[in-house]
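Q: I have not looked at this one before. Can you take me through a few spots in it?

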Amino acid sequence: MMAAVGAGEVITQLESAAKVLMAPPSMVSNEQRQHAEHIFLSFRKSKSPFAVCKHILETSKVDYVLFQAATAIMEAVVREWILLEKSSIESLRTFLLTYVLQRPNLQKYVREQILLAVAVIVKRGSLDKSIDCKGIFHEVSQLISSGNPTVQTLACSILTALLSEFSSSSKTSNIGLSMEFHGSCKRLFQEEDLRQIFMLTVEVLQEFSRRDNMNAQMSSVFQRYLALANQVLSWNFLPPNLGRHYIAMFESSQNVMLKPTESWRETFLDSRVMELFFTVHRKIREDSDMAQDSLQCLAQLASMHGPVFPDESAQVNYLARLVEGLLGMINGIEIEDSEAVGISNIISNLITMFPRSNLTAIPSELFNSFVNCLTHLTCSFGRSAALEEVLDKDDMVYMEAYDKLLESWLTLVQDEKHFHKGFFIQHAVQVFNSYIQCHLAAPEGTRNLTANGMASHEEEEISELQEDDRELFSDQLASIGMLGRIAADHCIPLLTSLLEDRVTRLHGQLQRHQQHLLASPGSGSVDNKVLDDLYEDIHWLILVTGCLLADETQGETPLIPPEIMEYSIKHSTEVDINTTLQVLGSPGEKASSIPGCNRTDSAIRLLSSVLRTSEVESRATRANLTDLLSPQMGKDIVWFLKRWSKTYLLVDEKLYDQISIPFSAAFGADTEGAQWIVGYILEKVINNLSVWSSESDLANDTVELLVTLVERRERANVVIQCENWWNLAKQFANRTPPLHSLSSSVQRTLMKALVLGGFAHMDSETKQQYWTEVLQPLQQRFMNVINQENFQQICQEEEVKQEIIATLEALCGIAEATQIDNVVILFNFLMDFLNNCIGLMEIYKNTPETVNLIIEVFVEVAHKQICYLGESKSMKLYEACLTLLQVYSKNNLGRKRVDVSAEEDQYQDLLLIMELLTNLLSKEFIDFSDTDEVFRGQEPGQAADRSVSAADVVLYGVNIVLPLMSQDLLKFPSLCNQYYKLITFICEIFPEKIPQLPDDLFKSLMFSLELGMTSMSSEVSQLCLEALTPLAEQCAKAQETESPLFAATRHFLKLVFDMLVLQKHNTEMTVAAGEALYTLVCLHQAEYSELVESLLSSQQDPVIYQRLADAFNKLTASSSPPTLDRKQKMAFLKSLEEFVATVGGLLCVK
Amino acid sequence: MADTDVDFTTGDAGASSTFPMQCSALRKNGFVVLKMRPCKIVEMSTSKTGKHGHAKVHMVGIDIFSGKKYEDICPSTHNMDVPNIKRQDYQVIGIADGYLSLLMDNGDVREDLKLPDSDLGKEIESKYEAGEEILISVLSAMGEEAAVAIKAMTK
């Protein structure tokens, strides 16, 4: 098109098109805009537009047109590279560079685009031996030495453009070349050109750092080169032999640690380089923008590792210089706010990246100074972070820096064995003290004090979404807890005395309030400032104590931290066991009032100080002072007790090499101490549930503590000996107040705990009695209600509904308590209910909240129990579920959903049904049931004539669900994920049923799979790929080439082929996609050959053609002809991996 | 509720139209009385004043009859009134002067329920006139009642 018209006309046409594009939306129509866009698109595609573009650049005054001309040149050069004379490419590059040099006033975006074109030419040329593009560095160095700031800035822009272009990151332009090409360019670049850029940059920085006074213009040039240096130091070095990974590398990570190749050794081990960056920082540290770059450069240098170091001594030397430089930089200065994060990054990188053996190998003097400096910085940043909190700053730089340093401490002390014993104690004491000080109120602490000592105290509204401090600051607390253990000799007594003091004061304060209330009841509100301060002190003291004494674990049994065990053992000779037990056992008294209290085991005394806090709280509730108490403190107490109980209560001596006598005497198995504590905690739980039913978080934490007490058999055995436990069980079974006003989740967990307790060791008579009191009433009450003659009439009455809902909630709780050794009892118990629940579905069909709850009971039972059930039991459950689905389906036929609260909630029932079906299917994957199960013997012949199979139930369910799942509904993430999980399971487990589906259901299932593969999250995409393999195998088995499923798999072959071969895909998906591809290839060999043929025929480069052809041959060599044989399939997957590694980069294009 | 002497036989007579419940035990999608109106709770959240404050519950409810939105905030220890809600299905056997004739379970006919003044009302009317056999769901609470849903009769 362009060839036909003259250059002048082209310019006129482009300029008027540009005017349209730049016009405000109201001035031009959509069509005009599209037309204008089209003009530029076709202009950029025109053949050999170089002359026209040059002309445009030289004459046009419209920036946007200039920009497009630069883009056109860039795209055309790459497109026509092979056809162009090397000399004309060279002259084109010179033209562009000169053009920019001569026009200092170009718009920034035009200039950058032209430089980008230059960078792309250089990059494309770097692999082409016939053309020399190295000249550019010579030109750039000349520009730099010109001394003219404008020209130097331009030189910097050229280097930056080159750097971005070669970096193979998201910054690289899309020039339609293979990933392999990008990778090779990058590798070549980082060995030579990158170093040249770095050297040029270093020279500039050196030059500037020598100057005393810089004007604004020079300083801005300086800043640009500093940023460039940072970019080089953050380079993601490609290792020499990378294989298949470099496609993934395109999504390079954010925090790149410096790992240069060997060829950089001389550059980076030159001491002047590191020195320069320290000097630079000293010079510009007051400029917060530049300081960020200079500190980041240092942080990158502090992260250096890998082959750049020839041996350990080189690494040690480097580290010593780094530490020395760092100390020299920090000592004697007052750190600026803007430096805090940067400095902590340097330290954190250094501690993370250098091995401990390096740290201990540097001069000990130097290392001591470093640790002293770290200690000092940590304390100081901690104080500044506290100030930030008081001032409620948006940008919490000190908090970020403090977090980093505390994390570094954790890394450092975890390998304590590298350092001589006790090396860190004094440092740990300092950091620990300062943390405590910042979190306590004045006068001892500095909490809420501004810099000039003014107290600030405001009450803000806190929403339920705000995380609790124990989660928000869990990392900080873990570090402080660890440091506290290291300095246990100091920290444990400190925490004890602080907590005992606060508890005594809290007790006194509450008593004064009470007297005040007695003296003048109903008088106005009292000032709560004193109380609030005490609560906040206690809050932090308990959090720190919890993290110091015990670790948080999931699933496994946490051990007593070795430091604590050692500490207790070390002092056990000074300890009197009886006094210790007395201090522990009398939480109502002041510890200091007990004679000889100084001979108490310190770790136990610390625990007992928390128990004293708990006791003050309990007594206040009994004195009707609940309104004055802090629910937050209540939460802290039960959180602590839970964490502590998991680790210490009934400590299992077999798990330890040596055990502290006081510990085993106070909390060991068969001790009075353990019994006493269990009783105490139980009383606490019961009291909380009645006093704090209105505080749902606290009530939740409380029942979780209860579950902890009974989830392990040894503890449960002690628990069920307490009369209180039985009282609690009775109370709950009778639904007497206050337990019935707890929220539903609390009631469920409470039920779970009560059921778990029932599996403790008891004689059969006691056991019988227990179940009679816990489970039987539930059944009785339920039967009483539903068996009334007029149940149909009264079912909507509120009391009846409450009764039904409470029963359903309890059933969910019972299901949650399922374990392998109780499943038989619980299943039989629940089964009776399930059948009755189906009747309720009918009765409450108009009450969605009840219907949902009924389905939820089924979901829970299936979820927790199906994996343990033998054949006949499973059958019973399947039958019940099928009936449930039938009733659900009948009631939903023709139902119109009109609900005020649309959105996801409305589809709760659908979600639950899908969950139920998925749970039923999970049996095929996870099955713990014993095939010789007792029931089988009891019911011979059952298995032979199964009345219902899982397939029947699930497919029936799918028939209900599929028509209801619209594309709109798939926009709800929860529904979408559940749906794809379900259909994948079905394809995997019952592939033979898929072809039998009714036509429209089959179609929508196939459509769903395609949609999921192509346009959903990678998780869903993987699920769909996994579904394809069994479907294709099913086709191969059936050998019906006419079936719709056969046709569908042909379509999927193309999809998977494109996905694996042509698109950039997630490497995690290769296995799933590969398996699917192989089975599909087996099924459609001819079509596969066609796909390969057409791909090959589209290749113009004969070298690439050959490589591809070879790769495809190799891919199927081990499996030809492909059959559904496992061995062959594995061989194919292996070849596929190689295939992706060798040619994946060729076909995947950016 | 005690576990003995539960008497469910009294039916409607004498039953109060609301009952109290602790605020924290209410749940989303449940019902509550806000500004003297029976509401369905569509939003529920808690907050506290200061870290050591006690929980307050914030509720948004929609009037089950008028569709109007109401809000309230109160300490979680407070008792709120919860309306007794009843749902009943009736077969429509006639429409006259803007009132429905409904067949009750016991065979009686009631003619005191208004045809709703809404799209639903129109749908009931047109379906009835087209000779379809239809069921309507009637919601009642706090002395008010209204038809809220329509369903074809299944035989």
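Q: Where is L650(A) found?
A: In this predicted model, L650(A) sits in the loop between α29 and α30 (661-667) of chain A.

Q: And what is its phi, given that L650(A) is not a glycine?
A: L650(A) has a positive phi, about 55 degrees. Most residues other than glycine have a negative phi.

Q: Is L650(A) buried or exposed?
A: L650(A) is buried, because its relative accessible area is 11% and the cut-off for buried is under 20%.

Q: Which other residue has a positive phi although it is not a glycine?
A: N624(A) is one of them, with a phi of about 60 degrees. N624(A) is in the loop between α28 (602-622) and α29 (631-648) of chain A.

Q: Buried or exposed, that N624(A)?
A: N624(A) counts as exposed, at 70% relative accessibility.

Q: Staying with the backbone, which residues does a cis peptide bond join?
A: A442(A) and P443(A), with omega about 5 degrees. P443(A) belongs to the loop between α21 (425-439) and β1 (461-463) of chain A. Most peptide bonds are trans.

Q: New topic. How many residues of chain B are in contact with chain A?
A: 42 residues of chain B touch 53 residues of chain A. Between them the two chains bury about 4,100 Å², and 45% of that area is on carbon and sulfur atoms.

Q: How many salt bridges are there across that interface?
A: Four salt bridges are found between chain B and chain A. A salt bridge also links the side chains of E809(A) and R27(B), at 3.0 Å from N to O.

Q: Which elements of chain B give two or more residues to the side that touches chain A?
A: They are β1 (18-22), β3 (37-49), β4 (55-63) and β7 (86-96) of chain B. The largest share, eight residues, comes from β3(B).

Q: Back to chain A: where does S294(A) lie, and what does its side chain meet?
A: S294(A) lies in helix α15 (residues 288-302) of chain A. The side chains of S294(A) and H281(A) are joined by a polar contact of 2.8 Å. S294(A) is buried, with a relative accessible area of 0%.

Q: What else is S294(A) in contact with?
A: Leaving aside neighbours within four places in sequence, S294(A) is in contact with L226(A), V280(A), H281(A) and I284(A).

Q: Last one: which residues make a nonpolar surface patch?
A: I820(A), I926(A) and F928(A) make one of about 320 Å². F928(A) is in the loop between α43 (908-921) and α44 (934-938) of chain A.

How values were computed: Residues are numbered from 1 along each chain as its sequence is written. Chains are lettered from A and ligands numbered from 1 in the order in which they are written. This is a predicted model: local features need pLDDT of at least 70, side-chain atom pairs count only at pLDDT 80 or more; totals for chains, interfaces and linings use all residues. Side-chain values use heavy atoms; hydrogens and water are left out. Patches are made of residues with over 30% relative accessible area and no salt bridge: like charges are joined within 9 Å, nonpolar side chains (Val, Leu, Ile, Met, Phe, Trp, Tyr) within 5 Å. Accessible areas come from the Shrake-Rupley method with a 1.4 Å probe; for residues, only the protein chains shown count as cover. Helices (H or I, at least four residues) and strands (E, at least two) are DSSP runs, numbered from the N terminus. Buried means under 20% relative accessible area, exposed over 50%, partly exposed in between (1.4 Å probe, protein chains only). A polar contact is a pair of N or O atoms within 3.5 Å; within protein, one must be able to donate a hydrogen and the other to accept it, and residues adjacent in sequence count only if both atoms are side-chain atoms. Contact means heavy atoms within 4.5 Å. Buried area is the accessible area (1.4 Å probe) that two parts lose on being put together, summed over both.
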